[in-house]
Amino acid sequence: MRIALDAMGGDYAPAVNLEGAIETVDSHQDIQIILVGDESILNKELENKKYPHNRISIKHASQSVKMDESPSIAIRKKRDSSIRRGIELVKSGEADGFVSAGHSGVIMGTALLVLGTSHAVDRPAIATIMPTLKAPFVLIDAGANLHCKPDNLLQFALMGSTYCRTILGRPDPRVALISTGEEDTKGNLLIKETFKLLKEADINFVGNVDGKDIFTGNYDVIVCDGFTGNVILKTSEGLADALIKMIKIEVANLTAGRIGYLLMKPALKNFKKKTDYDEYGGAPLLGINGTCIISHGRSTAKAIRNAIRVAADFAEKKVNAIISSSIEKDMYRHEGTKTPKK
């Protein structure tokens with residue numbers, strides 16, 4: 001598998017991105033990396049590093065996109081950015097997938113422009129896997145679309161269900177819709193209209209879920225708009241970090257604090273591993289014609305390595321093609337939603 005990596009994307013780029021790329025080729029013999037970014041900067045960073053030169057190459061891009069840039073302006077004016085050049089490699093077939101820890105809005109907009117959407121999909125969505133008290137679930141959309149219509153949420157549900165079956169191996173995923181309560185009368189107009197569509201859809205829709213039940217493990221796919229999804233994602237990350245710190249402080253304040261901490265250390269380590277973003281690496285942008293993985297802006301080398309692995313796995317299993325086919329069939333079943341693209 002050949003994966004294009006946005007070497008200039010993320011808060012700690014390019015150093016951690018290159019480190020993640022080298023760790024990947026050291027641990028996965030079937031993956032080649034194309035670093036996309038300023039050639040002079042990347043060559044200097046690689047000068048004193050040991051790595052197999054035949055498995056890491058560079059694609060020059062003279063521009064990079066900062067996190068605070070306007071997506072529309074960056075997409076329009078930065079045509080030689082590392083994000084655009086990387087996605088173009090997927091389009092041309094020179095790469096099987098693309099990974100970036102850069103500006104998610106620019107990644108989505110560029111992917112939409114360069115690769116286009118899969119059949120029957122209006123908008124791509126970010127599907128991220130999150131831990132629960134039982135097995136992980138898929139949260140979709142985790143930040144790609146701030147404003148949505150009921151039809152968009154229906155498509156997110158179909159994509160999430162297919163993704164869950166294909167990647168997590170669950171034959172009949174339980175799909176739920178984020179709301180302010182379990183009753184179908186709860187929520188705003190968007191939620192109430194979406195509820196009606198999901199109830200008629202050919203998926204295992206189990207109703208609304210409110211915030212307190214997200215992590216019970218009773219749902220395989222949770223659907224929401226990108227604004228809500230991103231708030232859930234970021235709040236969960238912050239809460240997990242805060243809980244670990246609070247527990248450590250409380251244990252340290254006990255008379256037998258050190259002994260207590262030593263006894264709890266393995267459990268805390270396991271908890272951190274389950275909730276650590278680095279373990280999951282990145283989230284796929286579902287619904288586009290190609291593999292595109294979006295990583296956290298604060299990605300470490302470990303997160304980049306895992307994101308590259310996710311991209312290779314995603315491309316190898318042809319998840320996009322499976323989702324496209326599945327959604328097209330589902331859309332035909334649901335008259336009144338939309339007509340699949342020809």
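This is a predicted model: local features need pLDDT of at least 70, side-chain atom pairs count only at pLDDT 80 or more; totals for chains, interfaces and linings use all residues.
Local features were taken at pLDDT of at least 70 and side-chain atom pairs only at pLDDT 80 or more, while totals for chains, interfaces and linings use all residues. Residues are numbered from 1 along each chain as its sequence is written, and side-chain values use heavy atoms, with hydrogens and water left out.

The largest pocket holds about 550 Å³ of space. A pocket is an open set of points on a 1 Å grid over the protein atoms alone, where a 1.4 Å probe fits, with protein on both sides within 12 Å along at least five of seven lines; lining residues have an atom within 4 Å of a point. Its lining comprises 22 residues, with Pro-131, Thr-132, Phe-215, Lys-274 and Thr-275 nearest the centre. Two or more lining residues come from each of strand S5 (125-130), H8, H9 and helix H10 (277-280); helices are DSSP runs of H or I with at least four residues, and strands are runs of E with at least two. H8 contributes the most, with 6 residues. The lining divides into 14 nonpolar, 4 polar and 4 charged residues.

The second largest pocket holds about 450 Å³. Ser-104, Ala-142, Asn-230, Lys-234 and Ile-294 are the closest to its centre among 25 lining residues. Here too H8 gives the most, again 6 residues, and the lining divides into 11 nonpolar, 10 polar and 4 charged residues.

The count of salt bridges (a side-chain nitrogen of Lys or Arg within 4 Å of a carboxyl oxygen of Asp or Glu) comes to 12. One of them pairs Glu-23 with Arg-305 at 3.1 Å, N to O. Glu-23 lies in helix H1 (residues 15-27) and Arg-305 in helix H11 (residues 301-316), so this pair ties together parts that are 282 residues apart in sequence. Glu-23 is partly exposed at 25% relative accessibility; buried means under 20% relative accessible area, exposed over 50%, and partly exposed in between, with a 1.4 Å probe and protein chains only. Lys-78 and Glu-69 form another salt bridge, at 2.8 Å between the closest N and O atoms, and Glu-69 is buried at 18%.

On the surface, Leu-239, Leu-243, Met-246, Ile-247, Ile-259, Leu-263, Met-264 and Phe-271 form a nonpolar patch with about 730 Å² of accessible area together. Helix H8 (226-252) and helix H9 (257-275) each give two or more residues to this patch. Patch residues have over 30% relative accessible area and no salt bridge, with nonpolar side chains joined within 5 Å and like charges within 9 Å. Met-264, in helix H9, is partly exposed at 31%.

Note on methods. Accessible areas come from the Shrake-Rupley method with a 1.4 Å probe; for residues, only the protein chains shown count as cover. Grid points are joined across faces, edges and corners, and a volume is the space filled by probe spheres set on the points. Ala, Val, Leu, Ile, Met, Phe, Trp, Tyr, Cys and Pro count as nonpolar, Asp, Glu, Lys and Arg as charged, and the others, Gly among them, as polar.
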